[in-house]
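Subject: Structure handover

Hello,

Here is the structure for you to open. My notes on what was found follow below.

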Amino acid sequence: MLPLLKLGTLALKTLSKPIAARLKKQAGIHPKFRNLIISVAQANHRMTTTMQRRIYSHATDVEIRPLNEEKAVQAAVDLMGEVFIFSVGVAALIFEVQRSSRSEAKKEEVRRKEMEGMRQRDEELAKEVDLLKQKLAEIEQIARGRGLAGVFNFRQAEEAKPTPVA
């Protein structure tokens, strides 16, 4: 079952790439959505340019020129595609972690039940050992009372007793 899940996850990731490409194509066509993604792309461009300038110690007070419309659309749909593929990967990872967690919980439950069974068996054996100790103490007490020859006679008398029929 495990290899099938892994193959399914890999197939889902692979299929997400053409879906992302189709989303990119459709995003560039619809006018309202196009305007939205252009503004997202411009904001992303400003943010990444500012971060790069700070990282490389360049002047940050210089005006950042906006991308032209086609570059903004292309940047936005590329970003959308990457976000979609990343989301599919994260979803697959979360699914795998949850599946693994459930599997571990089941294994832990089996181990807990096994330990409980061993504990109960240990208690039963301890009771049986106590019972055998009591019987041995009774036999030793009888043997002390009768002497060594009495022990042998006791065993023979026990063997010779008729068993009651119920």
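Which residues make a nonpolar surface patch of about 390 Å²? F33, L36, V40, L79 and V83 do. Patch residues have over 30% relative accessible area and no salt bridge, and nonpolar side chains (Val, Leu, Ile, Met, Phe, Trp, Tyr) are joined within 5 Å. A salt bridge would be a side-chain nitrogen of Lys or Arg within 4 Å of a carboxyl oxygen of Asp or Glu. Areas are Shrake-Rupley values with a 1.4 Å probe.

A word on the basis. This is a predicted model: local features need pLDDT of at least 70, side-chain atom pairs need 80 or more, and totals for chains, interfaces and linings use all residues. Numbering starts from 1 along each chain as its sequence is written, and side-chain values use heavy atoms, without hydrogens or water.

Back to the patch. Helix α2 gives it three residues, the largest share. Helices here are DSSP runs (H or I, at least four residues), numbered from the N terminus. V83 sits in helix α3. It is partly exposed, at 46% relative accessibility (buried is under 20%, exposed over 50%, partly exposed in between).

Next, the core. I37, I38, A41, A72, V73, A76 and V77 form the largest nonpolar core. Such a core is a set of buried Ala, Val, Leu, Ile, Met, Phe, Trp, Tyr and Cys residues joined through side-chain atoms within 4.5 Å. Four of its residues come from α3, the largest share.

Last, Q42. It lies in helix α2 (residues 31-55). Q42 is buried, at 10% relative accessible area.

Best wishes

Note on methods. Helix = DSSP H or I, 4+ residues; strand = E, 2+ residues; numbered from the N terminus. Buried < 20%, exposed > 50% of the residue type's maximum accessible area, 1.4 Å probe, protein only. Patch = residues over 30% accessible without salt bridge, like charges linked within 9 Å, V, L, I, M, F, W, Y side chains within 5 Å.
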